[in-house]
Amino acid sequence: MVVHELSRRDARRIAVRAQLLARPRPTELLEVVRELTFLQVDPTAAVAPSADLVIFSRLGASSRFGELAGALARGDLVEHLGRVRPWADMALYRAEMAGWADREDLLDWEEHQREWVDANDACRRDILDRLEIDGPLTSAQLPDTCWVPWRSSGWNNNRNVGRLLEFMVCRGEVAVAGRRGREKLWDLAERVYPDEAVPEDEALRERARRWLRSLGIARATRTENARESAHAATVGEPAVVEGVRGMWRVDPAQLGQPFTGRTALLSPLDRLVFDRPRMADLFEFDYQLEMYKPAAKRRWGYYALPILSGDRLVGKLDATADRRAGALRVTAVHEDAPFDAPTAEAVRHEIENLAAWLGLEPVLPGRAAPPALWRHR
């Protein structure tokens, strides 16, 4: 098979286009989630929750804030292991979940989880019985009859019901059926997921194909699921990227396609930048999420948004949604290199669009001054 030889620019454009961040924009929320395969759930909302920011980056003003929550409430999308997926796509996961209890190829930490679930089988059955009669329910409404507490040095120590529910999701027994405020509502998986279950090997192949299609170009060793790796090495076609070591897999449908870029403000968890080694290889972009750093050690801000311009990542936006004051407060626009006038204007326009989408007024530093005076390097 021919090994495709790509420049970094070629590879970047493939990645940007595959992530629906080029022109023309998509127009439908469900189309976006299907093409991206999932949205990552994260409670941090310094500007807006990550999944909502991903939607805004793709749809812009054609969407409305809260549209994602509506799709989840209707059941068009479902929440599964910290990710939002199309309801129909859960057919690709049900066979794998059904085999979790008897699987022989578990890693050590997965085996430990299964042993803990087995030790608390009575509690698992109590939860299933309660959900069958009264579900959906929050975790606080479910019985903790565990004989063996969950031991951890961190946040989850002795959080028995929460951990058990997560492992019961892995087993395909329960599912998130919605939310009450920020609390998850749990129900039997058979009431939430589609009845269809694609055979596991076929499902893994299809998931690997969609994984590569959604990224355009990727390392086969960095898949979403370890069991997909064997299939990921066979999907797409092999490629090398000029100036970057090692082999890649590329979606051949993306090769030779026209590219028209645009400006976008990205979530720190956006899939274009989430794989930091890939981001560094293709975009040569210096970025870290700094929310866990002391304020004095932050370079770009608590929740800085990467700025995409065409096929380059060009800076970071340090902004905060102050809902009480009705403002999107921009502390700084960090430019990796000085923006030219069209780039500065496009970034300002996206900031104003983001504020309007959130229902807030933009408050920019040096608002009345020319763009060169509100840059902050």
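Me: Which residue in β9 is the bridge partner of Glu237?
Reply: This is a predicted model, in which local features need pLDDT of at least 70, side-chain atom pairs count only at pLDDT 80 or more, and totals for chains, interfaces and linings use all residues. Residues are numbered from 1 along each chain as its sequence is written, and side-chain values use heavy atoms, with hydrogens and water left out. Strands here are DSSP runs of E of at least two residues and helices are runs of H or I of at least four, numbered from the N terminus, and two strands pair if DSSP finds at least two bridges between them. Strand β8 and strand β9 (residues 248–250) pair in the antiparallel sense over three bridges, and the partner of Glu237 in β9 is Val250.

Me: Which residue in the hairpin of β8 and β9 takes a positive phi?
Reply: Six residues lie between the two strands of this hairpin. The one with a positive phi, near 85 degrees, is Gly243.

Me: In β8, what is the bridge partner of His4?
Reply: Strand β1 (residues 4–6) runs parallel to strand β8 (residues 237–241), and three bridges join them. Within β8, the residue that pairs with His4 is Ala239.

Me: Which strands stand at the edges of the open sheet, each with a single partner strand?
Reply: The open sheet has three strands in the order β2-β4-β3, with antiparallel pairing. One side of each edge strand is left without a neighbour in the sheet, because each has a single partner, and these strands are β2 (39–40) and β3 (77–80).

Me: How do α2 and α3 lie, roughly parallel or roughly perpendicular?
Reply: Helix α2 (residues 29–36) and helix α3 (residues 50–59) pack at an angle of about 105 degrees with their axes 10 Å apart, where axes are lines fitted to C-alpha atoms, for helices over the stretch in contact, and angles run from 0 to 180 degrees between N-to-C directions. Angles under 35 degrees count as roughly parallel, over 145 as roughly antiparallel, 65 to 115 as roughly perpendicular and the rest as oblique. The arrangement of α2 to α3 is therefore roughly perpendicular.

Me: Which residues of α8 make the contact with α7?
Reply: Helices α7 and α8 pack at about 80 degrees, with axes 11 Å apart. Contact means heavy atoms within 4.5 Å, and from α7 the contact is made by Cys123, Arg124, Ile127 and Leu128. On the α8 side, the residues are Val161, Leu164, Leu165 and Met168.

Me: Is Leu106 buried or exposed?
Reply: Leu106 is found in the loop between α5 (94–98) and α6 (108–119), and leaving aside its neighbours within four places in sequence, this residue is in contact with Trp100, Glu111, Arg114 and Arg227. Buried means under 20% relative accessible area, exposed over 50% and partly exposed in between, using a 1.4 Å probe and protein chains only. With a relative accessible area of 11%, Leu106 is buried.
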